[in-house]
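Student: I have a model open and would like to learn how to read a few of its features. Could we go through them one at a time?

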Amino acid sequence: MNRRPFDPRLLRRVPAARRDLAVLAVLGGLTALLVVAQATALATLLATAIDGRLHRPALAGFGAAVAARALVSWAQGTVAARAAATVKAALRADLLRAVGRHGPTWVAGRRAGQLATLAGRGLDALDPYFTGYLPQLVLSVTVPLAVLARIVLADWSSALIIALTIPLIPVFGALLGWQAQAATERQWRRLSLLGGHFLDMVAGLPTLRAFGRARAQVDVVRRMADGHRQATMKTLRIAFLSALVLELVATLSVALVAVPVGIRLLGGGITLSTALLVLLLTPEAYLPLRAAGSRFHASMEGLTALDEALTLSATPEAAAPGTAGPAPDGRGEIRFEGVTVAYERTTALRDVTLTIRPGERIAVIGPSGAGKTTLLNLLLGFVTPTAGRVTVDGVDLAGVDLDAWRRELAWVPQRAHLFAGSLADNIRLGAPDTPDAALAGAVTDAALDEVVAALPDGLRTTLGERGHGLSSGQRQRVALARAFLRDAPLVLLDEPTARLDSASEAVVLAATRRLVAGRTALLVAHRPALLTDADRILRVEDGRVTELSRVPAGKGTP
Amino acid sequence: MTDGPERAVLRLARPYLGRLLGAGLLAAATEFAGLALMATATWLLMSAAGRPPLDRLTVAIVAVRALAVSRGVFRYTERLAGHDAVLRMITDVRARVFATLVARRDATAQRTGDALSRLVSDVEAVQDLLLRVLVPGAAAALVSVLAVGSTALISLPAAGVLAAGLLVAGVALPVLAAGLTRRAADEVAPLRGALAVDAVDLTHGAADLAAFGATGTALTAAETRAGRLARLERRLAATGFAVDAAGVLVGGLTAAAVVVVALRAGVGGVLVGVLAVGTLAAVEVSLALVGAARQRTQLRAGLARVADLLTEAGEPAPTAPVGPASGGHDVRFSGVTVRYREGAAPALAGVDLDLPAGRRVAVVGPSGAGKSTLAAALTGSVRPDTGRITVDGVDVSDLADEELPRVVGGLLAEAYVFHATVRENLLLGRPRADEAELAAATRAAGLLDWVRAQPDGWDTLVGEQGGQLSGGQRQRLALARALLAGPPVLVLDEPTEGLDPAAADAVLASTLAATPAGHSVLLISHRLSGLAGLDEIVVLDAGRVVQRGRHEELVARPGWYREQWLLQEAAERGYLALAP
């Protein structure tokens with residue numbers, strides 16, 4: 001966990017932000033000079049005004065300093081916001097790209113709710129950090145230095161008081177800030193938990209309703225929210241305490257400077273304009289430090305999100321990406337050589353050796369959870385062998401460009417994801433430029449025609465985030481249609497007809513036969529209808545693969 | 001000043017009005033203490049320059065010290081009081097929002113990414129409305145009035161100049177800031193929602209995208225959106241900070257004008273200084289309203305959505321005059337027709353079905369025949385357009401939301417597995433079940449061995465949407481949950497979906513065996529094996545009952561059932577012959 005107010009990784013990861021940050025530093029220096037100029041002019045103006053006279057040059061100087069400060073503050077805000085927008089866009093892209101780069105198994109281990117929170121609201125928390133905290137951080141260095149330098153010239157004893165009290169702000173801020181930081185981290189986790197929990201509750205609402213538990217869960221949500229409140233209040237009691245101490249140091253310092261200066265004025269030991277200058281400048285010395293301190297708490301959330309985003313998107317990839325060689329032809333011979341796949345909890349495949357010859361149609365059967373899907377995932381490149389290797393045409397899949405290799409295969413998963421977008425776009429997932437005629441063909445092949453006809457806008461119907469608009473069976477046909485459009489030499493089907501009734505199974509089966517004709521096919525099947533066409537049948541049980549001999553009994557039945 | 005959504009949200013603040021009012025007064029006191037500190041200190045110095053006796057300054061010296069201390073204390077208590085009140089209110093809002101979603105029947109149609117952004121981000125908007133808009137706004141207004149009033153005691157023209165400056169800083173600039181950001185702010189919320197959906201698509205759909213080589217396209221789309229959001233944010237900033245710069249300008253110019261006007265009006269030199277320093281501080285305070293106005297503008301969309309979810313949180317549930325008696329229940333469908341859309345073919349057309357206590361009925365038929373609609377109508381999630389579904393003579397739609405699940409329930413289509421432990425998922429069915437009951441239900445669903453094999457046993461986490469489980473395990477878990485719930489009328493919609501035939505037969509048999517004799521079963525299935533023991537089998541096609549009878553009768557009669565039975569039989573015997 002990074003505890004510094006500025007994460008240097010940011011400059012390396014988002015080089016585009018460097019120039020903006022440099023400009024911000026220059027503007028900070030300029031502001032400091034203008035603060036001193038403005039106070040000097042005002043002190044002169046007021047010291048003259050005590051005799052009822054108007055000091056015109058001082059008035060003009062004051063006006064000019066104010067105008068310049070206005071301009072600089074505009075530039076500061078704009079530049080800081082530019083930097084924020086640049087960094088957020090870059091980090092969002094990085095995060096989402098990491099999801100794409102690491103592949104499905106990496107993502108499956110992460111919580112989608114957490115990622116969505118981070119890519120959305122999480123990173124937006126960087127706004128207060130950039131526009132609020134960072135400029136103040138710069139000013140908290142430049143302004144106290146400029147103010148101190150000016151006051152040393154005017155009245156060294158006041159300068160001494162300021163120089164002694166200013167360090168109290170960062171010291172107290174740090175002491176109390178550490179407490180607040182730990183508490184903020186706890187709160188952030190709770191927020192993620194609340195986000196994930198609520199998402200879970202909303203997604204499962206129909207199920208909750210079916211068990212008559214929906215209303216009861218309202219109390220659970222209330223309890224979670226109340227827990228969030230209590231955690232937040234604990235954080236705030238400490239965070240505000242630090243603000244209190246910092247505020248006290250600053251205001252008491254004004255009193256500490258003003259009262260002795262006033263008494264010295266009585267004795268004539270100091271001029272009025274100097275006294276006023278000291279009074280006007282003293283609060284300015286503390287202001288940026290305090291503002292930075294209070295905004296640091298407000299931007300903690302952003303810093304935590306930043307740290308999370310930088311860490312997540314920088315996670316090293318499991319497989320070395322540098323060795324990506326050209327992909328073998330999908331029509332080549334596929335060999336599993338002593339392949340073992342071990343997950344965290346279980347071993348999915350144990351020492352599997354098998355050969356799939358070009359054009360073979362292979363059915364894979366076995367109890368659920370036996371490792372059938374892992375077999376397909378190996379070919380898809382979603383999973384890499386813990387031991388052994390998978391080769392196509394003699395080329396080890398571990399070393400090929402996976403995107404190029406996947407162009408050689410079409411995949412029908414057990415539960416296809418439906419993307420927010422039209423049905424047509426969902427089908428065209430792998431081939432966005434498909435002409436309408438080919439699309440219509442795929443729709444017909446996948447027996448989607450009647451589904452399309454029943455939808456309000458046909459193929460243009462927008463599907464919900466998780467495809468709530470379609471039933472499992474219809475979703476499956478969309479997946480099949482995708483595979484038809486893919487037109488790849490190797491077809492991987494994970495129980496393509498599992499969710500279809502016998503009548504539409506016959507239709508889909510016919511289509512599947514057309515799909516696998518002349519291609520190599522690996523079908524995970526529970527349904528016997530798919531087995532009759534298979535050239536070979538593999539049984540996966542407890543991670544081991546055995547080949548079943550072709551039994552004529554299947555062919556004998558009508 | 002407040003518009004509809006704000007009023008709806010603020011109505012929830014009523015129980016905490018006292019706390020909020022206190023917070024507002026404390027905020028005003030804080031700001032006023034700061035202003036008074038600088039003004040008093042200036043008076044002290046400028047008076048001292050006239051070399052009066054020390055005792056004439058004593059009050060000012062004490063005041064300076066007291067104000068210095070009180071400001072911090074005021075601030076601390078104000079912030080704690082305000083946050084406490086608001087967070088209490090937020091808890092109410094969160095619960096109310098969820099309650100509305102519960103009451104809303106179409107909740108499933110919502111995009112979950114949006115729903116997430118709704119609860120987490122929009123609800124924070126309520127917090128910001130109070131803490132960053134209303135409380136500081138009220139405090140700034142109060143301090144401005146006090147400042148103008150005090151100045152008027154010294155010099156009326158100076159008070160006029162100050163009032164003008166404060167009006168610009170506290171009214172004109174905030175209005176300008178709000179106007180400048182309003183249109184752009186309207187664009188930010190949908191873009192962020194779309195980005196959240198993108199993130200969900202890229203994570204949940206990662207496998208599909210990778211397999212079809214579409215990851216790049218989806219990424220580009222998401223990045224384009226992120227880029228658009230970034231451009232929008234830059235535009236917001238460039239105009240927004242121009243208003244801030246104007247604020248700096250207004251503060252300085254007002255102070256200068258006050259000095260000039262006060263001198264012309266012949267105000268004493270000491271008081272000119274006090275007025276100048278006080279003016280700077282007062283304008284500074286009222287400039288907080290710019291930030292508040294900007295914040296308020298950006299909160300609009302979120303508040304409107306929250307208000308939308310709050311206003312319809314009425315209690316729609318009608319209550320039956322007489323609840324159904326305990327024990328067995330008789331369910332009857334008479335002439336039930338369901339149409340999902342006006343003019344579309346009916347999903348169910350005039351279906352009659354009798355399910356007296358203890359009877360076991362299977363509903364079979366091709367996909368899209370209306371099987372799941374039948375289950376949905378019985379469980380109350382779909383209402384018949386014509387016809388009635390009654391439980392012991394009481395219309396299902398007359399039963400309270402919580403009443404029906406006690407009688408009718410089970411495994412419905414798209415059963416959801418929660419990101420919780422196996423035990424928690426099961427207990428949803430019957431919260432007070434003991435270990436033996438858990439084991440019995442889990443054994444019937446064929447999941448007990450797996451549970452026992454897990455190091456954490458019943459406390460094994462199933463992962464988001466049951467992601468740590470295989471498809472078959474997820475289905476078995478959902479089935480076990482339905483069996484544990486054990487409603488008198490058990491609906492099982494494709495209970496063995498995703499299981500291989502051998503496992504499916506075993507699970508179906510153990511499921512039926514585990515259901516107590518007095519309980520009725522409505523089994524929806526596309527597989528025909530294992531139905532021989534049922535009291536009646538109803539064949540649906542295009543929403544109509546085309547065949548009904550016991551298995552032996554239907555197999556003997558020509559028709560859809562017989563055809564499918566022979567097909568499956570042949571295929572499955574072939575399958576069994578393949579086993580080594």
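Student: Where does L522(A) lie?

Tutor: L522(A) belongs to strand β10 of chain A, residues 520-524. Helices (H or I, at least four residues) and strands (E, at least two) are DSSP runs, numbered from the N terminus. This is a predicted model, in which local features need pLDDT of at least 70 and side-chain atom pairs count only at pLDDT 80 or more, while totals for chains, interfaces and linings use all residues. Residues are numbered from 1 along each chain as its sequence is written, chains are lettered from A and ligands numbered from 1 in the order in which they are written, and side-chain values use heavy atoms, with hydrogens and water left out.

Student: Is L522(A) buried or exposed?

Tutor: Buried means under 20% relative accessible area, exposed over 50%, and partly exposed in between, with a 1.4 Å probe and protein chains only. L522(A) has a relative accessible area of 2%, so it counts as buried. From L522(A) to V364(A) the C-alpha distance is 7.2 Å, although 158 residues separate them in sequence.

Student: How do I read strand pairing?

Tutor: Strands of a sheet pair through backbone hydrogen bonds, either parallel or antiparallel. The criterion here is that DSSP finds at least two bridges between the two strands. In chain A, β1 (334-342) and β2 (347-356) run antiparallel and are joined by six bridges. They form a hairpin with four residues between them, and V339(A) of the pair stands opposite V352(A). β1(A) is also joined to β4 (387-392) of chain A, antiparallel, by five bridges; there T340(A) has A387(A) as its bridge partner.

Student: What is the strand order of the open sheet in chain B?

Tutor: The order is β2-β1-β4-β5, four strands with antiparallel pairing. At the edges are β2 (348-355) and β5 (394-395) of chain B, each pairing on one side only.

Student: What does a positive phi tell me?

Tutor: Most residues other than glycine have a negative phi. D392(B), not a glycine, has a positive phi of about 50°; it sits in the loop between β4 and β5 of chain B and is partly exposed, with a relative accessible area of 30%. E494(B) is not a glycine either and also has a positive phi of about 50°. Its place is the loop between β7 (489-493) and α15 (501-514) of chain B. E494(B) is buried, at 11% relative accessible area.
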